[in-house]
Amino acid sequence: MRIAVTGSIATDHLMTFPGWFSEQLLADRLDRVSLSFLADNLEVRRGGVAANIAFGLGVLGLRPVLVGAVGADFDPYRVWLKDHGVDTDSVRVSESLHTARFVCTTDRAQNQIATFYAGAMAEAREIDLRDVVARTGRLELVLVSPDDPEAMLRHTRTCRDLGIPFAADPSQQLARLDGDQVRELVDGARYLFTNEYETALLLEKSGWAEPEVLRRVGTWITTHGEAGVRIRGEGREPLAVPAVEVPAVVDPTGVGDAFRAGFLAGTLWGVPERCAAQLGCAVAATVLDYVGTQEYRLHREPLLDRIRTTYGVGCTATLATPLRGLS
């Protein structure tokens with residue numbers, strides 16, 4: 001059961017400013033801003049959508065193939081991912097650019113000033129999935145997540161050419177893609193992932209109504225934050241799965257990536273869709289207990305207990321066997 005996860009691989013540099021940005025901004029001088037904020041905290045975290053999802057799949061016991069582009073500074077990150085079950089041998093290393101980087105400063109009012117440096121991610125368009133398949137053998141699924149837009153389109157076309165099922169997760173890149181590109185990325189996907197806002201944006205960009213999207217994809221999974229997940233397919237009743245309640249959220253970053261890892265693991269194991277979604281919600285809830293997108297740990301009994309407490313015993317028994325590899 002091999003799955004390739006294509007998309008961004010990045011590091012996040014997160015800083016905290018103990019004051020308010022608004023106190024430093026002068027309304028009549030916004031055309032000549034020159035400001036420096038003295039931060040009192042810095043956290044460097046591993047990130048990138050594809051890397052986060054691959055990490056989750058690896059922790060769950062699969063061996064996902066990570067496909068993306070990085071810089072020569074990737075080696076420590078590579079070791080981390082390999083130690084957590086991720087195949088990184090199809091990651092392209094740029095000869096001149098650094099790994100993508102997200103630098104963000106947050107003030108006391110939770111306002112943020114951020115910069116994203118794409119760096120080596122721009123070279124992802126040079127990756128040919130045919131080479132990945134030649135190395136790994138047949139892939140059961142390819143997840144096309146946010147990446148260099150040309151890379152996303154190339155991977156989708158290659159999946160169609162090779163007859164490999166693919167999942168579309170355009171996510172943050174929807175804002176950058178035009179209507180033709182959105183339609184090409186979505187049409188024929190076995191799975192389509194969006195959140196509530198992205199759903200509206202996808203419909204606007206594609207020019208399709210919801211019934212038309214449903215005709216063009218196998219299953220449409222929409223996350224609704226604390227309201228849980230809605231799963232739809234043409235000609236069947238929607239499936240609503242509530243979120244797992246978390247008493248105190250430590251950090252919401254990466255929760256959507258964690259859900260995707262859990263849901264996709266369940267589908268690759270062949271469990272019912274409802275059970276796959278419950279597993280995704282339970283993994284997502286676990287991430288909320290930690291600071292960072294890849295700092296969490298999954299243990300079999302606590303994970304099953306979250307599912308049992310929220311949803312009952314039905315899927316708990318179904319998931320107990322595929323989760324037996326967890327400690």
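L25, L30, V33 and L35 together make a nonpolar surface patch of about 350 Å². A patch here takes residues with over 30% relative accessible area and no salt bridge, joining nonpolar side chains (Val, Leu, Ile, Met, Phe, Trp, Tyr) within 5 Å and like charges within 9 Å. A salt bridge means a side-chain nitrogen of Lys or Arg within 4 Å of a carboxyl oxygen of Asp or Glu. The areas come from the Shrake-Rupley method with a 1.4 Å probe, and for residues only the protein chains shown count as cover.

Keep in mind that this is a predicted model: local features need pLDDT of at least 70 and side-chain atom pairs count only at pLDDT 80 or more, while totals for chains, interfaces and linings use all residues. Residues are numbered from 1 along each chain as its sequence is written, and side-chain values use heavy atoms, with hydrogens and water left out.

So where does L35 sit? Look in the loop between β2 (10-16) and β3 (41-47). L35 counts as partly exposed because its relative accessibility is 39%; the cut-offs are under 20% for buried, over 50% for exposed, and partly exposed in between (1.4 Å probe, protein chains only).

## Helix α4 and what covers it

Helix α4 (residues 149-162) has 14 residues and reaches 20 Å from first C-alpha to last, close to the 20 Å expected at 1.5 Å a residue. That expected span is 1.5 Å times one less than the number of residues. Helices (H or I, at least four residues) and strands (E, at least two) are DSSP runs, numbered from the N terminus. Just past α4, G163 takes a positive phi of about 70°.

Among the buried residues of α4 are M152, L153, H155, T158 and C159. Their cover includes β1 (3-6), α3 (129-136) and α5 (179-186).

L129 lies in helix α3, and it counts as buried because its relative accessibility is 2%. Setting aside neighbours within four places in sequence, L129 is in contact (heavy atoms within 4.5 Å) with T6, V67, V142, H155, T158 and C159.

Strands pair if DSSP finds at least two bridges between them. β12 (residues 219-223) and β13 (residues 229-232) run antiparallel, joined by 4 bridges. β13 also pairs with β14 (residues 239-241), again antiparallel, over 3 bridges.

Follow I231 across: its bridge partner in β14 is L239, and I221 has I231 as its partner in β13. The β12-β13 hairpin has 5 residues between the strands, with G225 at a positive phi near 60°. The β13-β14 hairpin has 6 residues between its strands, and G235 in the turn has a positive phi of about 80°.
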